[in-house]
Number of protein chains: 2
Amino acid sequence: MTATLARPEPLDALALARAIEAGTLTCEALVRRLLERIEAREGDVKAWTHIDPGAALDAARTLDRTPRQGLLHGLPVGIKDVIDTADMPTRYGSPIYANHQPAIDAAPVAAVRAAGGLILGKHVTAEFAHRVPGETRNPHDLARTPGGSSSGSGAAVGDGMVPLAIGTQTTGSTIRPASYCGVVGYRPTFGIMGIVGVKPSSPSFDTVGLFAGTVASCALLRDALLEAPFTLPRGDGGRLRIGVCRTARWDEMEPATADALEAAFARLGVVAEVRDVALPVDMSRLAKAQRTVSAYEIVRSLASERRTHYHLLSEDLRNGRLAEGQRIDHTTYVAALADLEAARAASADWFDAVDCVVAPAAKGIASLGIASTGASTYCLPWTALHVPALSLPLPERVEGMPVGLQVVAGRGRDLALFDCAQWIADRL
Amino acid sequence: MTATLARPEPLDALALARAIEAGTLTCEALVRRLLERIEAREGDVKAWTHIDPGAALDAARTLDRTPRQGLLHGLPVGIKDVIDTADMPTRYGSPIYANHQPAIDAAPVAAVRAAGGLILGKHVTAEFAHRVPGETRNPHDLARTPGGSSSGSGAAVGDGMVPLAIGTQTTGSTIRPASYCGVVGYRPTFGIMGIVGVKPSSPSFDTVGLFAGTVASCALLRDALLEAPFTLPRGDGGRLRIGVCRTARWDEMEPATADALEAAFARLGVVAEVRDVALPVDMSRLAKAQRTVSAYEIVRSLASERRTHYHLLSEDLRNGRLAEGQRIDHTTYVAALADLEAARAASADWFDAVDCVVAPAAKGIASLGIASTGASTYCLPWTALHVPALSLPLPERVEGMPVGLQVVAGRGRDLALFDCAQWIADRL
């Protein structure tokens, strides 16, 4: 059977949405196709924590009978299992919540439904969207990690099990799995996209994160979540001004991935106004402040779990980030917040000088084994600065595995970021 | 009976904590005293949505048998009913949640319990901590509003039903009821105090808000929530530099309250280095940006309720703030966020030039009737700027009603704010 399966490939949600709108595809037919793919692949990939085929088909038939409700009408969407759903269990990747059923939908889930989208199921997440992974494997090589913490989201979209998914990002939990799984991943400007009903980790950095097969498909999900009209990303603008930021830690990159990115930078140099740029803030200091704040905050976010279910938290979490966070005093935390605020202010002009910045999405391809979901080194500066970022799969692979290019813009310039990403995608 | 009742007066939580620690007071005896007060007064004041006397006494006896756990050992605390409690219903002031029982405690509730505090019950809130009030009345005059949206919190602490309470503030929901009810109210620097498990309204402004009888008692609750050692506010520092900020809308103040505040400013002028200061940012522009952001965000925060229970939202909310928020497009919202960020940056030096700023807490005393909880005019600038604020009851009353003086400091200077408030309280 396996030999006859199509290779993992993300779907084009925008094309599917248009086919549904045109009447050439039904939601039911689409869901059947996805369920077949999931049936064939889930035993290997393990991307889902909950899926109910019968309920999904019922919901699909209902949507097929319903007048078009919005941007996502008839489109199935997967939801990371740290995001509340009123009709599906939500376990936050923790045994503490083995039997947890939220009372209401998180805001992004409600927005998907309001736009006519269908919640297909829940995706595997690392424990509380932090580090300890579930069993998900990379659809492009089952021996490798899909990345995390939005592991199931990246794997399911990368495999073509679902066209769209909503994950989260606190440091690199969307950009990294998107890079590893060969899909578009988008982390919005901090604070602009509703996160109510998403289990908090570090509220100073937590955002939702979107997964899609193409830049335009990702924009469709973005606009549904913003409850805004759809703005198709435009790749036809004039010559872009692109800053190439290898970051101060370029020497830590895996050589083959560094080469692939250098080749992409060189190709962009032919068509765009490209120049090397260095972050105007000290990356180590930024990393230290980010680490202080996120460790301090996860301790407070898990206050209830620490008190009543301490032994059900993983040893990695207890002895790692929580122990670290409990050693940080309030004055140190407040000073780190001020450091971050100063870094954001100091980098505002830097972003204004270009249309976008391109940078690595991860230090290499997905590593072998699933015990670790990889490092956030190259996501940390952008999440700390609260700017929007998008991982775009390069057309070339490294050792047969996908590699992402991270495209970044200034705070609040999310729509422009998508235009830049489309422009770059059209030319790479 | 009523004639023999003590007049409404807040309790001194720090003195009670010390008596419990010294063994001269048991938690059980304290809870009995509070239950008697509640029994006598609740029929009139209506501050509570949930209280279970038997369970409270059981919990008190357990705490009396337990070694001291932390700063709040044996102290009863009331919780605003937009804050999740694992063992008490939580209704968010909305009929949508008439039967809602959260699975876990909100972070501040868990922190209270971890510090040995006793959750005495839940306090009346306006619908989703917004505008439509419950039935609570001002304990100092039952014909008047207690303020809101933390109506029950202010009223219960003001009446002496409970020594401490945790409410919330998005614009003025803690400072105003504290002023109206004659208690200390504290709104922390935005973002520094865990808010996980508190029903979100406008995540760009939402904070918890604390209620206590004295500045030092409020600091005790503050430090329990920060999981920090107790720092007693010091009123013995040298001559303070105090900025008096009447704000650009001083002419809207009720004359008798304005006179009381002017008298306080004059008394401070004798002991401190006092000067008039004007906000370095345009108050109308700040108010407009704050309004844009909070209206846009409440729409997204209530995405699920809008979709599934629209008819159970109040008409005031539907036709007011939600309709307003739905008319705001994403670009306008992002521009307003940028305006606010610029205002915060522009006012940082202004705060550095003084130890604290004093300003009105509300435009007057609690108004007659309970249909409106009052205006947030004099809280809005400080909440928009993300700075910490504390309402301190003036020793004099106006028409027999309490009046609060709002003390404000720069971002992150919460401990210094308490020192200033104690300094001022000692000298007024």
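The following questions and answers concern a predicted model.

Student: In what order do the 11 strands of the open sheet in chain B stand, and which strands are at the edges?
Tutor: The pairing in this sheet is mixed, and the order is β1-β3-β2-β4-β6-β5-β10-β11-β9-β7-β8. An edge strand pairs on one side only. In chain B the edge strands are β1 (48-51) and β8 (273-276).

Student: What is the average twist from one strand to the next in the sheet of chain B?
Tutor: The sheet in question is open and is formed by 11 strands of chain B.

Student: Which residue of β4(B) is the bridge partner of V77(B)?
Tutor: Strands of a sheet pair through backbone hydrogen bonds, either parallel or antiparallel. Strand β2 (residues 76-80) of chain B runs parallel to strand β4 (residues 164-169) of chain B, and three bridges join them. The bridge partner of V77(B) in β4(B) is L164(B).

Student: Which strands of chain B does helix α7 touch, and what angle does its direction make with that of β6(B)?
Tutor: Helix α7 (residues 215-226) of chain B packs on the sheet. The strands touched by α7 are β4, β5, β6 and β10 (389-393) of chain B. The direction of α7 makes with that of β6(B) an angle of about 140 degrees.

Student: Against which elements do the buried residues of helix α1 of chain B pack?
Tutor: Helix α1 covers residues 13-22 of chain B, and its buried residues are A13(B), L14(B), L16(B), A17(B), A19(B) and I20(B). An α-helix has 3.6 residues a turn, so residues three or four places apart point the same way. The buried residues of α1(B) pack against α2 (27-45), β4 and α7 of chain B.

Student: Which residue caps the N-terminal end of α1(B)?
Tutor: A side-chain oxygen of the capping residue lies 3.1 Å from the backbone nitrogen of L14(B). Just after α1(B), G23(B) takes a positive phi of about 85 degrees. The residue that caps the N-terminal end is D12(B).

Student: With which side chain does E28(B) make a polar contact of 3.1 Å?
Tutor: E28(B) is placed in helix α2 of chain B. Beyond its neighbours within four places in sequence, E28(B) is in contact with L57(B), A60(B), R61(B) and D64(B). The polar contact of 3.1 Å joins the side chain of E28(B) to that of R61(B).

Student: How many residues apart are Y186(B) and F418(B), which form an aromatic pair?
Tutor: The structure holds 16 aromatic pairs over all chains. Y186(B) and F418(B) form one that is edge-to-face, at 4.6 Å centre to centre and with 80 degrees between the planes, and both residues are buried. Y186(B) belongs to strand β5 (residues 184-187) of chain B and F418(B) to helix α14 (residues 414-427) of chain B, so the pair links distant parts of the chain. Their separation is 232 residues.

Student: Why is one side of β1 and of β8 in chain A left without a neighbour in the sheet?
Tutor: In chain A, 11 strands form an open sheet with mixed pairing. β1 (48-51) and β8 (273-276) of chain A stand at its edges. One side of each is left without a neighbour in the sheet because each has a single partner strand.

Technical notes
Residues numbered from 1 in each chain as written. Chains lettered and ligands numbered in written order. Predicted model: local features only at pLDDT ≥ 70, side-chain atom pairs only at ≥ 80, totals over all residues. Heavy atoms only, no water. Phe/Tyr/Trp six-rings, centres within 6.5 Å; stacked < 30°, edge-to-face > 60°. Helix = DSSP H or I, 4+ residues; strand = E, 2+ residues; numbered from the N terminus. Buried < 20%, exposed > 50% of the residue type's maximum accessible area, 1.4 Å probe, protein only. Pairing = 2+ DSSP bridges. Contact = heavy atoms within 4.5 Å. Axes fitted to C-alpha atoms, helices over the stretch in contact; angles between N-to-C directions. Polar contact = N/O pair within 3.5 Å; in protein donor to acceptor, adjacent residues only side chain to side chain.
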